[in-house]
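Please read the following with the sequence and the 3D view open side by side. The text goes from the contact between domains to the core, and then to single residues.

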Amino acid sequence: MANTTAIAAAFGGGLPPGISGTNDRCTVLVSNLNPDRIDEDKLFNLFSLYGNIVRIKLLRNKPDHALIQMGDGLQAELAVNFLKGAMLFEKPMEVNFSKHPNITQGADTHEYINSNLNRFNRNAQKNYRYCCSPTKMIHLSTLPQDLTEEEIVSHLEEHGTIVNTKLFEMNGKKQALVLFETEEQATEALVCKHATSVSGSIIRISFSQLQAI
């Protein structure tokens, strides 16, 4: 379990509260979704914060249910732990381990195993350090160097009330923090706008554990 070692290192030598590191079930069942607003890519944008995504399947006979196969059991455990009860599109998500060990590839599955948007193919330890439940603050990276705060606000404001923003540079790369009024608004912005294009750059969004800007 190399991932257990990486995440223990990321969290200062121990696993986060509630994480056993011994789960071997890779597939999670998500229910109580809003079927009018959810799709596979939106689920990918959220669940990829906690591990690499193999494939996702929306259940046709239960349109508010989805199966998500994670890279391994630890990543699935992180998703269950941090997303259970999180609000998305006005509904609290139910996130549990599935009885299915994996999702059979088919016409109704979306494949993500080779997606370059999977976050844990490099810098896994850094990404584990950022694992948390949804917060009011999101962190934007891979931004165009000449992007303004006004452009960030116009790109995100449809998802809720933006309380504050801050543009900054880290290692010569433009990044931003955006504080929303609620966790649900920040989650919606992340789900809808991660991996979208702003002035020709594909932006990346994650939750920030900072409390204020």
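A salt bridge is taken here as a side-chain nitrogen of Lys or Arg within 4 Å of a carboxyl oxygen of Asp or Glu. The model is predicted, so local features need pLDDT of at least 70 and side-chain atom pairs count only at pLDDT 80 or more, while totals for chains, interfaces and linings use all residues. Residues are numbered from 1 along each chain as its sequence is written, and side-chain values use heavy atoms, with hydrogens and water left out.

The protein chain is assigned domain 1 (3-130) and domain 2 (137-207), with bounds that come from an automatic or database domain assignment. The C-alpha centres of domain 1 and domain 2 lie 22 Å apart. Their contact (heavy atoms within 4.5 Å) takes 15 residues from domain 1 and 12 residues from domain 2. About 1,300 Å² is buried between the two domains, and carbon and sulfur atoms give 59% of that area. Buried area here is the accessible area (1.4 Å probe) that two parts lose on being put together, summed over both. On the domain 1 side, N45, L117 and R119 lose the most area to domain 2, together 35% of what that side buries.

How many salt bridges are counted between domain 1 and domain 2? The count is one. In the whole structure, a search finds five salt bridges. One of these joins E188 and R37, with the closest N and O atoms 3.2 Å apart. E188 lies in helix α6 and R37 in the loop between β1 (27-31) and α2, so this pair ties together parts that are 151 residues apart in sequence. Helices (H or I, at least four residues) and strands (E, at least two) are DSSP runs, numbered from the N terminus. E188 is buried, with a relative accessible area of 12%, whereas R37 is partly exposed at 34%. Buried means under 20% relative accessible area, exposed over 50%, and partly exposed in between (1.4 Å probe, protein chains only).

Another salt bridge links R55 and E111, at 2.9 Å from N to O. R55 belongs to strand β2 (residues 53-58) and E111 to strand β7, so the pair ties together parts that are 56 residues apart in sequence. R55 is buried at 12% relative accessible area, and E111 is partly exposed at 33%. D39 and K42 also form a salt bridge, their closest N and O atoms being 3.3 Å apart.

Helix α6 (residues 183-193) deserves a look of its own. Nine of its 11 residues are buried, so the helix is largely enclosed by the rest of the structure. Among the buried residues of α6 are T187, E188, L190 and V191. The buried residues of this helix pack against α2, β4, β8 (137-141), α5 (149-156), β10 (173-180) and β13 (204-207).

Next comes the nonpolar core. The term stands for a set of buried Ala, Val, Leu, Ile, Met, Phe, Trp, Tyr and Cys residues joined through side-chain atoms within 4.5 Å. The largest such core has 54 residues, and those with the most contacts inside it are L46, F47, Y50, I138 and L140. Helix α3 (residues 73-83) gives the largest share of this core, seven residues. The core draws at least three residues from each of domain 1 and domain 2. Neighbours within four places in sequence aside, L46 is in contact with L83, L88, M93, T187, L190, V191 and F207.

Aromatic rings of Phe, Tyr and Trp (its six-membered ring) pair if their centres lie within 6.5 Å; planes under 30 degrees apart count as stacked, over 60 as edge-to-face and the rest as tilted. By this rule there are three aromatic pairs. F44 and Y112 form a stacked pair, 4.6 Å centre to centre with 20 degrees between the planes. F44 in helix α2 (residues 40-47) and Y112 in the loop between β7 (109-111) and α4 (124-129) are 68 residues apart. Both of these residues are buried. F120 and Y128 form a tilted pair, at 4.9 Å and 55 degrees.

Last, the backbone. Most residues other than glycine have a negative phi. F89, in the loop between β4 (87-88) and β5 (91-92), has a positive phi near 50 degrees. E90 lies in the loop between β4 and β5 and has a positive phi of about 70 degrees. F89 is buried at 2% relative accessibility, whereas E90 is exposed at 64%.
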